[in-house]
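Subject: Handover of a protein model

Dear colleague,

Please find the structure for your study below. I would ask you to keep it open while reading the notes that come after it.

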Amino acid sequence: MKKSTKIISEIILLLLIVSGVGYYIFRPAKVEPDKTVYKASGLSTNIKGTATKNKFISYSINGGKKHSVRIRSNSFAINIPSSNKEQKVTIYNGNVSAKIVVKASKQLADYQKFAKKYNQSLIASSLPKSIIKKANELKKAQVAKQTTAAEIARMSRTEQLQLEEKNKELQQDAKEVQAATAKSKSENKDKLLPKKLKNAIKNAVSNKNYIIRVNVANGRLIGISLIVPAKLLSSGSDKKSAQTFATTFALLANSLGANSKNVLEKFTKFAKEAKTSQTTSLKAISSKGIKFDTGFSTKKIYIFITR
(Lines give C-alpha, C1' and ligand atoms only; values in the text may rest on other atoms or scores of the structure.)
Protein backbone atom coordinates (compact mmCIF):
# COMPACT_ATOMS: atom_id res chain seq x y z
CA MET A 1 0.00 0.00 0.00
CA LYS A 2 2.82 2.36 0.92
CA LYS A 3 4.56 1.49 -2.33
CA SER A 4 1.48 2.21 -4.44
CA THR A 5 0.94 5.51 -2.59
CA LYS A 6 4.53 6.50 -3.31
CA ILE A 7 4.09 5.64 -7.00
CA ILE A 8 0.89 7.71 -7.18
CA SER A 9 2.68 10.68 -5.54
CA GLU A 10 5.53 10.41 -8.01
CA ILE A 11 3.06 10.29 -10.94
CA ILE A 12 1.23 13.36 -9.61
CA LEU A 13 4.53 15.22 -9.19
CA LEU A 14 5.57 14.25 -12.69
CA LEU A 15 2.24 15.44 -14.11
CA LEU A 16 2.63 18.76 -12.31
CA ILE A 17 6.14 19.21 -13.72
CA VAL A 18 5.02 18.27 -17.23
CA SER A 19 2.01 20.57 -17.08
CA GLY A 20 4.23 23.41 -15.85
CA VAL A 21 6.70 22.85 -18.67
CA GLY A 22 3.84 22.59 -21.11
CA TYR A 23 2.39 25.86 -19.96
CA TYR A 24 5.80 27.54 -20.25
CA ILE A 25 6.21 26.22 -23.79
CA PHE A 26 2.68 26.75 -24.97
CA ARG A 27 1.67 29.77 -22.89
CA PRO A 28 0.24 32.61 -25.01
CA ALA A 29 2.53 35.51 -25.95
CA LYS A 30 1.70 38.85 -24.38
CA VAL A 31 2.69 42.43 -25.14
CA GLU A 32 1.39 45.26 -22.99
CA PRO A 33 2.71 48.83 -23.36
CA ASP A 34 2.52 51.04 -20.27
CA LYS A 35 0.42 53.56 -22.23
CA THR A 36 -1.43 53.62 -25.53
CA VAL A 37 -0.83 57.33 -26.16
CA TYR A 38 2.56 58.97 -25.64
CA LYS A 39 3.48 62.61 -25.71
CA ALA A 40 6.78 63.18 -27.49
CA SER A 41 9.58 64.30 -25.18
CA GLY A 42 12.75 65.89 -26.50
CA LEU A 43 14.50 64.20 -29.40
CA SER A 44 12.75 60.87 -28.83
CA THR A 45 9.95 59.08 -27.00
CA ASN A 46 10.67 56.06 -24.82
CA ILE A 47 7.91 53.44 -25.03
CA LYS A 48 8.01 50.88 -22.22
CA GLY A 49 5.95 47.82 -21.39
CA THR A 50 5.91 44.11 -20.59
CA ALA A 51 6.11 41.11 -22.92
CA THR A 52 6.36 37.38 -22.33
CA LYS A 53 7.36 34.13 -24.01
CA ASN A 54 9.67 35.32 -26.79
CA LYS A 55 13.20 36.74 -26.63
CA PHE A 56 12.42 39.62 -28.99
CA ILE A 57 9.53 41.83 -29.99
CA SER A 58 9.36 43.82 -33.21
CA TYR A 59 7.74 47.13 -34.02
CA SER A 60 6.92 49.31 -37.02
CA ILE A 61 6.17 53.01 -37.36
CA ASN A 62 3.26 53.98 -39.62
CA GLY A 63 3.32 50.53 -41.21
CA GLY A 64 6.95 50.83 -42.28
CA LYS A 65 9.96 48.57 -41.83
CA LYS A 66 10.00 46.33 -38.76
CA HIS A 67 12.70 46.69 -36.10
CA SER A 68 13.56 44.22 -33.32
CA VAL A 69 14.08 44.86 -29.61
CA ARG A 70 15.19 42.33 -26.98
CA ILE A 71 12.86 41.46 -24.10
CA ARG A 72 14.72 41.64 -20.79
CA SER A 73 13.11 40.27 -17.60
CA ASN A 74 9.70 40.38 -19.31
CA SER A 75 10.14 44.08 -20.07
CA PHE A 76 10.88 46.05 -23.23
CA ALA A 77 11.83 49.62 -24.15
CA ILE A 78 11.52 51.18 -27.61
CA ASN A 79 13.01 54.55 -28.51
CA ILE A 80 10.99 56.38 -31.19
CA PRO A 81 12.46 59.55 -32.77
CA SER A 82 10.08 62.47 -32.24
CA SER A 83 8.37 63.86 -35.34
CA ASN A 84 6.34 66.91 -36.35
CA LYS A 85 3.61 64.45 -37.39
CA GLU A 86 1.63 61.99 -35.29
CA GLN A 87 3.11 58.47 -35.43
CA LYS A 88 1.28 55.14 -35.16
CA VAL A 89 3.47 52.42 -33.68
CA THR A 90 2.53 48.73 -33.83
CA ILE A 91 4.37 46.32 -31.51
CA TYR A 92 4.41 42.61 -32.42
CA ASN A 93 5.08 39.64 -30.13
CA GLY A 94 4.52 36.49 -32.13
CA ASN A 95 0.91 36.50 -33.28
CA VAL A 96 -0.24 39.24 -30.90
CA SER A 97 0.20 42.98 -31.30
CA ALA A 98 -0.47 46.31 -29.60
CA LYS A 99 -1.02 49.70 -31.16
CA ILE A 100 0.35 52.97 -29.77
CA VAL A 101 0.07 56.61 -30.81
CA VAL A 102 2.96 59.04 -30.36
CA LYS A 103 1.74 62.63 -30.55
CA ALA A 104 3.42 65.15 -32.85
CA SER A 105 6.18 67.39 -31.51
CA LYS A 106 6.51 71.11 -32.07
CA GLN A 107 9.20 71.87 -34.63
CA LEU A 108 12.09 74.22 -33.95
CA ALA A 109 12.65 75.37 -37.52
CA ASP A 110 13.04 74.39 -41.15
CA TYR A 111 16.28 72.40 -40.98
CA GLN A 112 17.94 73.74 -44.15
CA LYS A 113 17.25 77.38 -43.20
CA PHE A 114 18.51 76.77 -39.68
CA ALA A 115 21.68 75.00 -40.87
CA LYS A 116 22.40 77.80 -43.37
CA LYS A 117 22.00 80.51 -40.71
CA TYR A 118 24.09 78.61 -38.17
CA ASN A 119 26.89 77.85 -40.64
CA GLN A 120 27.04 81.44 -41.87
CA SER A 121 27.22 82.69 -38.27
CA LEU A 122 29.92 80.15 -37.41
CA ILE A 123 32.05 81.19 -40.39
CA ALA A 124 31.58 84.88 -39.56
CA SER A 125 32.54 84.30 -35.91
CA SER A 126 36.05 83.28 -37.03
CA LEU A 127 36.64 86.32 -39.25
CA PRO A 128 39.01 89.13 -38.14
CA LYS A 129 37.31 92.31 -36.96
CA SER A 130 38.76 94.25 -39.90
CA ILE A 131 37.11 91.85 -42.36
CA ILE A 132 33.78 92.02 -40.51
CA LYS A 133 33.94 95.82 -40.72
CA LYS A 134 34.55 95.67 -44.49
CA ALA A 135 31.75 93.14 -44.92
CA ASN A 136 29.32 95.48 -43.14
CA GLU A 137 30.43 98.39 -45.34
CA LEU A 138 29.82 96.27 -48.43
CA LYS A 139 26.30 95.47 -47.20
CA LYS A 140 25.59 99.17 -46.73
CA ALA A 141 26.90 99.91 -50.23
CA GLN A 142 24.63 97.22 -51.71
CA VAL A 143 21.47 98.67 -50.20
CA ALA A 144 22.45 102.29 -50.88
CA LYS A 145 21.05 104.10 -53.92
CA GLN A 146 23.23 103.36 -56.94
CA THR A 147 24.60 106.30 -58.91
CA THR A 148 23.06 106.39 -62.38
CA ALA A 149 24.94 107.10 -65.63
CA ALA A 150 23.08 110.40 -65.95
CA GLU A 151 24.18 111.46 -62.46
CA ILE A 152 27.81 110.52 -63.23
CA ALA A 153 27.68 112.57 -66.45
CA ARG A 154 26.64 115.66 -64.47
CA MET A 155 29.57 115.24 -62.03
CA SER A 156 32.77 117.18 -62.23
CA ARG A 157 35.90 115.28 -63.27
CA THR A 158 37.13 115.32 -59.67
CA GLU A 159 33.86 113.82 -58.40
CA GLN A 160 34.00 111.13 -61.10
CA LEU A 161 37.55 110.18 -60.10
CA GLN A 162 36.53 110.01 -56.44
CA LEU A 163 33.61 107.72 -57.34
CA GLU A 164 35.91 105.48 -59.41
CA GLU A 165 38.37 105.28 -56.51
CA LYS A 166 35.58 104.40 -54.09
CA ASN A 167 34.31 101.62 -56.39
CA LYS A 168 37.84 100.21 -56.71
CA GLU A 169 38.15 100.13 -52.91
CA LEU A 170 34.82 98.33 -52.60
CA GLN A 171 35.89 95.78 -55.23
CA GLN A 172 39.15 95.19 -53.36
CA ASP A 173 37.28 94.86 -50.06
CA ALA A 174 34.91 92.35 -51.66
CA LYS A 175 37.86 90.22 -52.79
CA GLU A 176 39.38 90.32 -49.30
CA VAL A 177 36.07 89.42 -47.63
CA GLN A 178 35.50 86.57 -50.10
CA ALA A 179 39.00 85.18 -49.52
CA ALA A 180 38.73 85.43 -45.72
CA THR A 181 35.28 83.80 -45.76
CA ALA A 182 36.57 80.91 -47.88
CA LYS A 183 39.49 80.44 -45.47
CA SER A 184 37.21 80.46 -42.42
CA LYS A 185 34.85 77.98 -44.08
CA SER A 186 37.77 75.64 -44.80
CA GLU A 187 39.14 75.91 -41.26
CA ASN A 188 35.70 75.22 -39.74
CA LYS A 189 34.52 72.54 -42.19
CA ASP A 190 34.34 69.86 -39.46
CA LYS A 191 32.17 72.14 -37.31
CA LEU A 192 29.59 73.01 -39.97
CA LEU A 193 26.16 71.39 -39.97
CA PRO A 194 25.21 69.22 -42.99
CA LYS A 195 23.14 71.16 -45.49
CA LYS A 196 20.56 68.38 -45.70
CA LEU A 197 19.58 65.50 -43.42
CA LYS A 198 17.10 62.68 -43.88
CA ASN A 199 14.72 61.62 -41.12
CA ALA A 200 17.07 60.65 -38.32
CA ILE A 201 18.61 61.38 -34.95
CA LYS A 202 22.23 61.96 -35.83
CA ASN A 203 25.44 63.44 -34.47
CA ALA A 204 25.66 66.29 -36.97
CA VAL A 205 28.92 67.61 -35.48
CA SER A 206 31.30 65.69 -33.23
CA ASN A 207 34.67 66.81 -31.87
CA LYS A 208 36.62 66.76 -28.60
CA ASN A 209 34.87 69.88 -27.31
CA TYR A 210 31.20 69.09 -28.05
CA ILE A 211 28.64 67.01 -29.92
CA ILE A 212 25.66 68.53 -31.71
CA ARG A 213 23.00 65.81 -32.04
CA VAL A 214 19.91 66.70 -34.08
CA ASN A 215 16.56 65.13 -34.80
CA VAL A 216 15.23 65.95 -38.27
CA ALA A 217 11.81 64.77 -39.46
CA ASN A 218 10.19 65.64 -42.78
CA GLY A 219 12.72 68.40 -43.36
CA ARG A 220 11.96 70.01 -40.00
CA LEU A 221 14.31 70.37 -37.05
CA ILE A 222 12.56 68.79 -34.05
CA GLY A 223 15.24 68.96 -31.39
CA ILE A 224 18.92 69.43 -30.63
CA SER A 225 21.20 67.97 -27.97
CA LEU A 226 24.44 69.78 -27.21
CA ILE A 227 26.69 67.38 -25.29
CA VAL A 228 29.85 68.65 -23.60
CA PRO A 229 32.52 67.01 -21.39
CA ALA A 230 31.94 68.20 -17.81
CA LYS A 231 35.65 68.90 -17.36
CA LEU A 232 35.38 71.57 -20.06
CA LEU A 233 33.68 73.90 -17.60
CA SER A 234 35.94 73.16 -14.64
CA SER A 235 38.23 75.87 -13.24
CA GLY A 236 41.33 74.15 -14.67
CA SER A 237 39.94 73.65 -18.17
CA ASP A 238 41.41 75.01 -21.38
CA LYS A 239 39.96 78.52 -21.80
CA LYS A 240 39.98 78.25 -25.58
CA SER A 241 37.91 75.04 -25.50
CA ALA A 242 35.47 76.58 -23.02
CA GLN A 243 35.13 79.64 -25.28
CA THR A 244 34.49 77.36 -28.28
CA PHE A 245 31.63 75.71 -26.38
CA ALA A 246 30.17 79.09 -25.33
CA THR A 247 30.33 80.35 -28.93
CA THR A 248 28.66 77.18 -30.23
CA PHE A 249 25.90 77.41 -27.60
CA ALA A 250 25.31 81.08 -28.42
CA LEU A 251 25.21 80.45 -32.19
CA LEU A 252 22.65 77.64 -31.76
CA ALA A 253 20.46 79.89 -29.59
CA ASN A 254 20.75 82.85 -31.97
CA SER A 255 20.02 80.73 -35.04
CA LEU A 256 16.74 79.63 -33.41
CA GLY A 257 15.76 83.19 -32.51
CA ALA A 258 16.50 82.95 -28.77
CA ASN A 259 18.35 85.56 -26.73
CA SER A 260 21.77 83.94 -26.44
CA LYS A 261 23.07 86.39 -23.83
CA ASN A 262 20.23 85.64 -21.38
CA VAL A 263 20.44 81.90 -22.05
CA LEU A 264 24.20 81.78 -21.39
CA GLU A 265 23.86 83.83 -18.20
CA LYS A 266 21.26 81.41 -16.80
CA PHE A 267 23.27 78.38 -17.92
CA THR A 268 26.38 79.70 -16.15
CA LYS A 269 24.35 80.12 -12.96
CA PHE A 270 22.96 76.56 -13.19
CA ALA A 271 26.43 75.16 -13.91
CA LYS A 272 27.82 76.79 -10.74
CA GLU A 273 24.89 75.48 -8.68
CA ALA A 274 25.33 71.95 -10.08
CA LYS A 275 29.04 72.01 -9.26
CA THR A 276 28.31 73.03 -5.66
CA SER A 277 25.39 70.68 -5.00
CA GLN A 278 26.50 67.77 -7.22
CA THR A 279 22.94 67.63 -8.59
CA THR A 280 22.01 65.84 -11.83
CA SER A 281 18.42 67.07 -12.19
CA LEU A 282 17.37 68.97 -15.29
CA LYS A 283 17.20 72.76 -15.15
CA ALA A 284 14.95 74.57 -17.63
CA ILE A 285 15.83 77.78 -19.44
CA SER A 286 13.31 79.45 -21.74
CA SER A 287 13.83 82.23 -24.27
CA LYS A 288 11.39 83.41 -26.92
CA GLY A 289 9.57 80.08 -27.09
CA ILE A 290 12.73 77.95 -27.15
CA LYS A 291 13.42 75.59 -24.22
CA PHE A 292 16.91 74.67 -23.05
CA ASP A 293 16.78 71.79 -20.56
CA THR A 294 20.20 71.36 -18.98
CA GLY A 295 21.41 68.23 -17.18
CA PHE A 296 24.71 67.75 -15.35
CA SER A 297 26.60 64.54 -14.55
CA THR A 298 30.14 63.83 -13.39
CA LYS A 299 31.28 63.25 -16.98
CA LYS A 300 28.88 65.05 -19.32
CA ILE A 301 26.74 68.14 -19.57
CA TYR A 302 23.58 67.79 -21.69
CA ILE A 303 21.60 70.66 -23.16
CA PHE A 304 18.33 69.58 -24.79
CA ILE A 305 16.84 72.23 -27.07
CA THR A 306 13.17 72.02 -28.08
CA ARG A 307 10.19 74.28 -28.61
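Predicted model: local features only at pLDDT ≥ 70, side-chain atom pairs only at ≥ 80, totals over all residues.

Residues are numbered from 1 along each chain as its sequence is written, and side-chain values use heavy atoms, with hydrogens and water left out.

The mean pLDDT (the predictor's confidence in each residue, from 0 to 100) is 87, and 89% of the residues reach 70 or more. Over residues 14–25, however, the pLDDT is below 50, and this stretch has two contacts in the model beyond near neighbours in sequence. Contact here means heavy atoms within 4.5 Å.

The protein has seven helices and 15 strands. These are DSSP runs, numbered from the N terminus: helices are H or I with at least four residues, and strands are E with at least two. Of the 307 residues, 35% count as buried; buried means under 20% relative accessible area, exposed over 50%, and partly exposed in between, with a 1.4 Å probe and protein chains only.

The largest nonpolar core has 42 residues, and I212, I224 and F292 have the most contacts inside it. A nonpolar core is a set of buried Ala, Val, Leu, Ile, Met, Phe, Trp, Tyr and Cys residues joined through side-chain atoms within 4.5 Å. Among the elements that each supply at least two residues of this core are helix 6 (239–255), helix 7 (260–277) and strand 12 (220–229). Helix 2 gives the largest share, six residues. Apart from this core lies another, of 17 residues, including V31 and V69. Leaving aside neighbours within four places in sequence, the contacts of I224 include L43, F114, L252 and I303.

Helix 5 (residues 157–187) has 31 residues and reaches 45 Å from its first C-alpha to its last, close to the 45 Å expected at 1.5 Å a residue; the expected span is 1.5 Å times one less than the number of residues. Buried in helix 5 are Q160, L163, D173, V177, A180 and S184. The buried residues of this helix pack against helix 2, helix 3 (129–143) and helix 4 (149–153).

Finally, why does T306 count as buried? T306 is buried because its relative accessible area is 10%. This residue lies in strand 15, and its contacts beyond four places in sequence include G42, L108 and I290.

Yours sincerely
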